Amino acid sequence: MKHLLAPSILAADFANLQAEIEMVNSSEADWFHLDVMDGVFVPNISFGMPVIKAIAKHAKKPLDVHLMIIDPDRYLQTFQELGAEVLTVHVEACHHLHRTVHVIKDLGMKAGVALNPHTPVSALSEVLDSVDLVCLMSVNPGFGGQKFIERTYAKVEALRSMAKGVNDELLIEIDGGVGTENWRQLVEAGADVLVAGSSTFNSVDPHLAIKAMKGMTDNG
Ligand code: DX5
Ligand code: ZN
């Protein structure tokens, strides 16, 4: 499968959100990555329901919602109603991950589970057959623009081999510090979805940056 690119709106210009959304709509990017932070699970607060509702009104591509919040079970249905197509919860934030994953699927969304950098992929062994996406955090979650953790390559490979024969459809997403210099190595290691915040929105030419990370330019 050709890899997907999901620009993270966290790095967009919030004062010009509609224009930023239209840029993604008209680009080669595949999904919108929306980071919801509660100031408890992670040391930062980003945006919540009203902003997602405003984004959904203009977005013409799937919404990939990444919940960095404690006790996400309280809001699964709300995010479904807001239009999330992929809903990702953190393994570290769920007491009953198996149930949470099944509720997300029963609500008609793709179920994603994210792992912090310190969490081994083996934490997913009992739910791997039920999840649609695993998001490997390649930075400690909470902020955009952080340095990519190199250990992630080995983690992608380990997860891909763990999923073999158990869930061959599994999408592996990488989130944090992804850019034009490392996207290819991540795809070669087995990644399917690349989240790119600063490398998209802080670029002088976001359309070109997206194309480069999709492998659509000569020097990409
Ligand atoms: C980090 C978020 C990421 C973030 C990535 O906690 O989950 O999605 O926006 O930003 P960059 O691509 O700038 O590292
Ligand atoms: Zn994210």
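This is a predicted model: local features need pLDDT of at least 70, side-chain atom pairs count only at pLDDT 80 or more; totals for chains, interfaces and linings use all residues.

Biologist: Is D71 buried, partly exposed or exposed?

Modeller: Its relative accessible area is 39%. Buried would need under 20% and exposed over 50%. D71 lies between those limits, so it counts as partly exposed.

Biologist: On to the ligand. Which strand gives the most to the shell around ligand 1?

Modeller: Three strands each supply at least two residues of that shell: β2 (32–37), β3 (63–68) and β8 (193–196). The top contributor gives three residues, and that is β2.

Biologist: How do the residues of that shell divide by type?

Modeller: 20 residues surround ligand 1, with D35, G142, D175, G197 and S198 the closest. By type, the shell divides into eight nonpolar, 10 polar and two charged.

Biologist: How much of the accessible area of ligand 1 does the protein cover?

Modeller: Start with the polar contacts: a polar side-chain atom of H66 is 3.2 Å from a ligand oxygen, and a backbone N or O atom of G142 is 2.7 Å from one. For the side chain of S198, the distance from an N or O atom to an oxygen of ligand 1 is 2.3 Å. On its own, ligand 1 has 380 Å² of accessible area, and the protein covers 99%.

Biologist: Which pocket does ligand 1 sit in?

Modeller: To sit in a pocket, a molecule needs more than half of its atoms within 2 Å of the pocket's grid points. Ligand 1 sits in the largest pocket.

Biologist: How far is A12 from S198, C-alpha to C-alpha?

Modeller: A12 is in the loop between β1 (4–7) and α1 (17–25), and it counts as buried at 11% relative accessibility. Along the chain, A12 and S198 are 186 residues apart.

Biologist: What about T200, buried or exposed?

Modeller: T200 is in helix α7 (residues 198–201). Its relative accessible area is 0%, and anything under 20% qualifies, so T200 is buried.

Technical notes. Residues are numbered from 1 along each chain as its sequence is written. Chains are lettered from A and ligands numbered from 1 in the order in which they are written. Side-chain values use heavy atoms; hydrogens and water are left out. A residue is near a molecule or strand if one of its heavy atoms lies within 4 Å of it. A polar contact is a pair of N or O atoms within 3.5 Å; within protein, one must be able to donate a hydrogen and the other to accept it, and residues adjacent in sequence count only if both atoms are side-chain atoms. Accessible areas come from the Shrake-Rupley method with a 1.4 Å probe; for residues, only the protein chains shown count as cover. On a 1 Å grid over the protein atoms alone, a cavity is a set of points where a 1.4 Å probe fits but cannot get out, and a pocket is an open set with protein on both sides within 12 Å along at least five of seven lines; lining residues have an atom within 4 Å of a point. Helices (H or I, at least four residues) and strands (E, at least two) are DSSP runs, numbered from the N terminus. Ala, Val, Leu, Ile, Met, Phe, Trp, Tyr, Cys and Pro count as nonpolar, Asp, Glu, Lys and Arg as charged, and the others, Gly among them, as polar. Buried means under 20% relative accessible area, exposed over 50%, partly exposed in between (1.4 Å probe, protein chains only).
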